[in-house]
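Look at the sequence and the model side by side. Follow the strands first, then the aromatic rings.

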Amino acid sequence: VIIALSLIHIYLSIPTNKEGTAPILRYCDTKGNIWFSDRLGGLGKYDGKQVKIYTKEDGFSNMWGQAAALNPSFAEDKNGNLWIGGNGGVTRFDGKNFVTYTEKDGLASINVVSVSEDAYGNIWVGTRDNGVSKIGNADLVELERWNGYIADVALDKSNTVWVSTTE
């Protein structure tokens, strides 16, 4: 079997932020958009033609901070909404509007490390320091609290939720 790979190199001129830190590529959605972040909480999208930077003025307020900026969580649900987790909670972006869920909304913690969707459209949110939450039909339900670090939340083909933790 011979497999041929075609590599296309695209060079983008994405400005560094005022602190001089470069953007970090994070996620490719089903529409082919490339999403990136920076260490100061910025969010950007490259759609194949142009770069769009989202800020507080656009409604993006998920300031993920230094630690989460190294590994923010991204997931896309069956409706095409992008879910972004970091140190500011979890944010849903429908292509126009940002909605951020925090502890005030019932999220177990704002320190989000993992975001996944199950077969029923529920969004599972793993937090670094306080367990797992489930968002279903725009309702947020805290499911379980742990004292340990939640490393990841994943779902298998039978819709079983798997949680990786230090406890």
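Two strands count as paired if DSSP finds at least two bridges between them. Strands (E, at least two residues) and helices (H or I, at least four residues) are DSSP runs, numbered from the N terminus. This is a predicted model, so local features need pLDDT of at least 70 and side-chain atom pairs count only at pLDDT 80 or more, while totals for chains, interfaces and linings use all residues. Residues are numbered from 1 along each chain as its sequence is written, and side-chain values use heavy atoms, with hydrogens and water left out.

Strand E10 (residues 123-127) and E11 run antiparallel, joined by five bridges. Ile123 stands opposite Ile135 in E11. Three residues lie between E10 and E11, and the two strands form a hairpin.

How enclosed is strand E11? "Buried" means under 20% relative accessible area, "exposed" over 50%, and "partly exposed" in between (1.4 Å probe, protein chains only). Five of the six residues of E11 (residues 131-136) are buried, so the rest of the structure largely encloses this strand.

Now step back. Of its 167 residues, 40% count as buried.

Turn to the aromatic rings. Rings of Phe, Tyr and Trp (its six-membered ring) pair if their centres lie within 6.5 Å; planes under 30 degrees apart are stacked, over 60 edge-to-face, and the rest tilted. The whole structure holds eight aromatic pairs. One of them is Tyr27 with Phe74, stacked at 5.8 Å centre to centre, with 10° between the planes. Tyr27 belongs to strand E1 (residues 24-28) and Phe74 to strand E5 (residues 73-76), so this pair ties together parts that are 47 residues apart in sequence. Tyr27 is partly exposed, at 22% relative accessibility. Phe74 is buried, at 11% relative accessible area.

Trp35 and Tyr54 also form a stacked pair, 6.0 Å centre to centre and with 20° between the planes. Trp35 is in strand E2 (residues 34-37) and Tyr54 in strand E4 (residues 51-54), 19 residues apart. Trp35 is buried at 3% relative accessibility. Tyr54 is buried at 8%. Ring pairs link Trp35, Tyr54, Phe60, Phe93 and Phe98 into a cluster.

What sits over the ring of Tyr54? A charge sits over a ring if NZ of Lys or CZ of Arg is within 6 Å of the ring centre and within 35 degrees of the ring normal. Here it is the charged end of Lys52, 5.3 Å from the ring centre of Tyr54.
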